[in-house]
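Here is a structure to read feature by feature.

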Amino acid sequence: MSETSVLVILRSPPYHAGRSKSGLDLAMAFAAFDIPVALLFMGDGVWQLSPGQAASEIGAKSVEKTLASLPLYDIEQWYVDAAALAARGLDGIALPEHASRVDDETLPTLLGRFSQVLVF
């Protein structure tokens, strides 16, 4: 990665206190300024990747639509905590083509590749 690169870690569920939305918005802002950005879904943040969310039932915008738009911003490096998926019964879901599962052994190496790490 270039001298400045950002890893945005999304640990919050998709519709909780706006944290996930803020993280995604910030990632898109960095990307708009040609700063390389990657996402890491951890903890309850893996729920954002769960298909068929009914966000309109709670008066929210679907995170699925936001995630689908990220390649337009060249945000195509997504990492997903495999243990978090398994702990939530989501290890069988199909991940987007640009998403890679990471385990506890590869996580430190991943974190070391970025000059900035932001957690939401």
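The dialogue below goes through strands, cores, an aromatic pair, a loop residue and salt bridges.

Q: What kind of model is this?
A: It is a predicted model. Keep that in mind throughout.

Q: Let me begin with strand β1. Is β1 mostly covered or mostly open?
A: Strand β1, residues 6–10, is mostly covered. Five of its five residues are buried.

Q: Which residues of β1 point which way?
A: Val6, Val8 and Leu10 point one way. Leu7 and Ile9 point the other way. All are buried.

Q: Which strands pair with β1, and in what sense?
A: β1 pairs with β2 in the parallel sense, over five bridges. Within that pairing, Leu7 has Ala38 of β2 as its bridge partner. The chain gets from β1 to β2 through helix α1, residues 19–32. This β-α-β crossover is right-handed. Strand β5, residues 116–119, also runs parallel to β1, and four bridges join them. There, Val119 of β5 is the bridge partner of Ile9.

Q: How should I read a nonpolar core?
A: Start with the general idea. In soluble globular proteins, nonpolar side chains tend to be buried together. In this model, the largest nonpolar core has 24 residues. Leu39, Phe41, Ile75 and Trp78 have the most contacts inside it.

Q: Which elements supply at least two residues of this core?
A: They are β1, α1, β2, α2 (63–69), β3 and α3 (82–87). The largest share, four residues, comes from α1.

Q: How do I describe a pair of aromatic rings?
A: A pair of aromatic rings is described by the distance of the centres and the angle of the planes. Here the count comes to one aromatic pair. The ring centres of Phe41 and Trp78 are 5.7 Å apart, and their planes stand at 55°, so the pair is tilted.

Q: Where in the chain do Phe41 and Trp78 lie?
A: Phe41 is in strand β2, residues 37–41, and Trp78 is in strand β3, residues 77–81.

Q: What else does Phe41 touch, leaving out residues up to four places away in sequence?
A: Its contacts include Leu10, Val46, Leu67 and Val80. Gln48 and Asp81 are also among them.

Q: Now a loop residue. Is Ser12 buried or exposed?
A: Ser12 is buried, with a relative accessible area of 7%. Its place is in the loop between β1 and α1. Beyond four places in sequence, Ser12 touches Arg19, Ser20, Asp44, Gly45, Gln48 and Phe120.

Q: How many salt bridges does the structure hold?
A: Two. Asp25 forms one with Lys21, the closest N and O atoms being 2.8 Å apart. Both residues lie in helix α1, four residues apart, about one turn of the helix. Asp25 is partly exposed, with a relative accessible area of 33%. Lys21 is exposed, at 52%.

Q: Which side chains meet in the other salt bridge?
A: Those of Asp44 and Arg88, at 2.8 Å from N to O. This pair links distant parts of the chain, 44 residues apart. Asp44 lies in the loop between β2 and α2, and Arg88 in the loop between α3 and β4 (99–102). Asp44 is partly exposed, with a relative accessible area of 33%. Arg88 is partly exposed too, at 27%.

Technical notes: Residues are numbered from 1 along each chain as its sequence is written. This is a predicted model: local features need pLDDT of at least 70, side-chain atom pairs count only at pLDDT 80 or more; totals for chains, interfaces and linings use all residues. Side-chain values use heavy atoms; hydrogens and water are left out. Rings of Phe, Tyr and Trp (its six-membered ring) pair if their centres lie within 6.5 Å; planes under 30 degrees apart count as stacked, over 60 as edge-to-face and the rest as tilted. Buried means under 20% relative accessible area, exposed over 50%, partly exposed in between (1.4 Å probe, protein chains only). Two strands pair if DSSP finds at least two bridges between them. A crossover is right-handed if, with the strands pointing away from the viewer, the path from the first strand over the helix to the second runs clockwise. A nonpolar core is a set of buried Ala, Val, Leu, Ile, Met, Phe, Trp, Tyr and Cys residues joined through side-chain atoms within 4.5 Å. Contact means heavy atoms within 4.5 Å. A salt bridge is a side-chain nitrogen of Lys or Arg within 4 Å of a carboxyl oxygen of Asp or Glu.
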